[in-house]
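Reader: I have a new structure to look at. Can you take me through it?

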Amino acid sequence: VLQFCQVPAMAASPRMLGWKEDLAKLSPINRYIVMVMGGGIMLTVVGLGAVVALASEEIVAGGRLGKALLCFLGLFWLYRGSIQVFLYSRIWPEGRLAWLSHHGLVALFTFQSGVYLMAFLVTAFGR
């Protein structure tokens, strides 16, 4: 469910971050590459969220695929949270809404990473 909570923020961030003006400065190929990558990221987040929501019992059952997915998701969100803390915090936009979004994302990514890594550890070593 938490992965789906990010979708409104992902949809609002282009306007909040002024992508229209910034993307207009790029050549057409680079503009489309950035747009395709953004769409791919959104598809990945929604798709992985759907996989986890629809197959949660199989994922935590202890099979190799489930353990691999849990480990991947834990490391993926740990990476994303690290980027939020160590890179974006220095250059994040100013203002109350921006402050709330930054710290909300840090909390979200940290929690997601912890849940997935804990589930991985339990399925890999707890049985």
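Author: What follows covers a helix pair and a pocket. The model is predicted, so local features need pLDDT of at least 70 and side-chain atom pairs pLDDT 80 or more, while totals for chains, interfaces and linings use all residues. Residues are numbered from 1 along each chain as its sequence is written, and side-chain values use heavy atoms, without hydrogens and water.

Reader: How do α1 and α6 cross?

Author: The axes of α1 (residues 2-16) and α6 (residues 96-125) come within 12 Å and cross at roughly 150°. Axes are lines fitted to C-alpha atoms, for helices over the stretch in contact, with angles from 0 to 180 degrees between N-to-C directions. Helices are DSSP runs (H or I, at least four residues), numbered from the N terminus.

Reader: Roughly parallel or antiparallel, then?

Author: Roughly antiparallel, a label for angles over 145 degrees.

Reader: Which residues of α1 meet α6?

Author: Leu2, Gln3, Gln6 and Met16 in α1 do, and their partners in α6 include Leu108, Phe111 and Tyr116. Contact means heavy atoms within 4.5 Å.

Reader: New topic. What lines the second largest pocket?

Author: Among its lining residues are Val1, Leu2, Gln3, Gly49, Phe111 and Tyr116. A pocket is an open set of points on a 1 Å grid over the protein atoms alone, where a 1.4 Å probe fits, with protein on both sides within 12 Å along at least five of seven lines; lining residues have an atom within 4 Å of a point.

Reader: Which helix gives the most to that lining?

Author: α6, with four residues.

Definitions and conventions: Helix = DSSP H or I, 4+ residues; strand = E, 2+ residues; numbered from the N terminus. Parallel < 35°, antiparallel > 145°, perpendicular 65-115°, else oblique.
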